[in-house]
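Here are my notes for your first look at this chain. Keep the viewer open and check each point as you go.

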Amino acid sequence: MTTSEQLKKAVLVSFKTGIILPEILAVLAGIRPCLTCGLTKKQKELITRVFPELTIECKKETIANRQIMVCAISKEKQTAKQVINSFVVEKDPEKTGRLLGYPECCIRNHLYFFERNIQYQHPRIIHHSYKNSKKRNFLTNNLFNFSTRLKDKKDLKRQDKYLSSNKDYPFHPYYLQFISHIPCSYDCQESIKMGERIQLLLKEYAPDIEKVISFTLSKPVLFFDLFKWVILDGHIERNNILFYKKVIPPISLINFSLLNKIRRGNKIIADDNKIEIFKDNLLLYSYQKKDLTDGFVLDFK
Ligand SMILES: [Zn+2]
């Protein structure tokens, strides 16, 4: 089978396999050497049948009392084996990052947090990448694919709730990505290059899906935490005022009453101390932030 035929097939079957489409396309096209994911036995069998040229190496892992089959998928048997070993057995983020083909600058950035055991402080990590960027390129927006950033049982439950509350979304919400890793900044050149290549693949093989991904990732986000954020169809003007028309899906697990206030408004002003929601000039809600990272607007373009 040619690469082009493989890519076409991936678009047709990915929703049944549990693999995230941008990731499998990247592996099949040779942009990334390997991907990791959780699979059921049935899904693994299906992928093996559909893509006999791919190697899948799996190891059972217990995360918060839940047994998960963690798998590494690659065109190279040796790579898949090394990844699953380094990811599940050795738990070596530096080695795993390199084997997965992530940019060196982003691996070093991630290691900083990992070595200090603060890799689960997501608002801090995202705020750090945000502050590191002069511009925020939407190709590096990976805020909505957090399957590998979950800490415990509570997070797994939140993930279940998030996915089930967005079950009517046109595709798996984790498809909302061009890159899978946490970028060192949202203008990291290596990440942008990788994102561009994956966006091109999607444009060619799944144009309808690519349109929704690009549209969604390029919108401003009011971000609180992994499961608490709002994507807004709007734009930011010079003095950091976010003007918006509406909230766009997917919908996170953000507090319902706050979400309703945002839905009623059309303007958000967020600074280091507070967040204010307005309908024109009428103040609907004012929130005093606990710290700098407790709610901030990321202006992706
Ligand atoms: Zn980087």
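Is Asn-117 buried or exposed? Asn-117 is exposed, with 8 other C-beta atoms within 10 Å. The cut-offs are these: a residue is buried if 20 or more other C-beta atoms lie within 10 Å of its own, exposed if 12 or fewer, and partly exposed in between, with C-beta atoms placed from the backbone.

1. **Ground rules.** This is a predicted model, in which local features need pLDDT of at least 70 and side-chain atom pairs count only at pLDDT 80 or more, while totals for chains, interfaces and linings use all residues. Residues are numbered from 1 along each chain as its sequence is written. Helices (H or I, at least four residues) and strands (E, at least two) are DSSP runs, numbered from the N terminus.

2. **Two domains.** The domain assignment gives domain 1 (3-218) and domain 2 (219-301). Such bounds come from an automatic or database domain assignment. Taken over C-alpha atoms, the centres of domain 1 and domain 2 are separated by 27 Å.

3. **Where the domains touch.** Across the boundary, 24 residues of domain 1 are in contact with 23 residues of domain 2. Contact means that the C-beta atoms of two residues, placed from the backbone, lie within 7 Å. On the side of domain 1 that touches domain 2, the elements that give two or more residues are helix H7 (122-131), helix H8 (153-165) and helix H10 (207-217). H7 gives the most to that side, with six residues.

4. **The core.** The largest nonpolar core has 68 residues. A nonpolar core is a set of buried Ala, Val, Leu, Ile, Met, Phe, Trp, Tyr and Cys residues joined through C-beta atoms within 7 Å. Leu-25, Cys-34, Ile-73, Val-221 and Phe-223 have the most contacts inside this core. Helix H2 (residues 21-28) gives the most to this core, with six residues. Domain 1 (3-218) and domain 2 (219-301) both give residues to this core, so it lies between them. In soluble globular proteins, nonpolar side chains tend to be buried together.

5. **Leu-25.** Look at what surrounds this residue. Leaving aside neighbours within four places in sequence, Leu-25 is in contact with Leu-7, Ala-10, Ile-198, Leu-201, Leu-202 and Tyr-205.

6. **Helix H6.** H6 covers residues 104-115, twelve residues. From its first C-alpha to its last, H6 reaches 16 Å, close to the 16 Å expected at 1.5 Å a residue. The expected span is 1.5 Å times one less than the number of residues. Cys-106, Ile-107, Asn-109 and His-110 are buried in H6. Seen down the axis of H6, its buried residues fall within an arc of 160 degrees, so they line one face of the helix. That arc is taken over the directions from the helix axis to the C-beta atoms. The buried residues of H6 pack against helix H5 (93-99) and helix H9 (189-205). On the other side of H6, Glu-104, Arg-108 and Glu-115 are exposed.

7. **Positive phi in loops.** Asn-117 lies in the loop between H6 and H7. Asn-117 has a positive phi of about 55 degrees although it is not a glycine. Lys-91 also has a positive phi, near 50 degrees, and is a residue other than glycine. Look for Lys-91 in the loop between helix H4 (77-89) and H5. Lys-91 is exposed, with 10 other C-beta atoms within 10 Å.

8. **The strands.** Strand S5 (residues 228-237) and strand S6 (residues 241-248) run antiparallel, joined by seven bridges. Strands pair if DSSP finds at least two bridges between them. Leu-232 stands opposite Val-247 in S6. The hairpin of S5 and S6 has three residues between the strands, and Asn-240 there takes a positive phi near 60 degrees. Three bridges join S6 to strand S7 (residues 267-270), and these two run antiparallel. Ile-241 stands opposite Ile-269 in S7.

9. **Ile-231.** This residue is found in strand S5. Ile-231 counts as buried, with 27 C-beta neighbours inside 10 Å. Not counting residues up to four places away in sequence, Ile-231 touches Thr-216, Lys-219, Val-221, Val-247 and Ile-248.

10. **A cis peptide bond.** Which residues does it join? The cis bond joins Pro-249 and Pro-250, with omega about 0 degrees. Pro-250 is in the loop between S6 and helix H11 (256-264).
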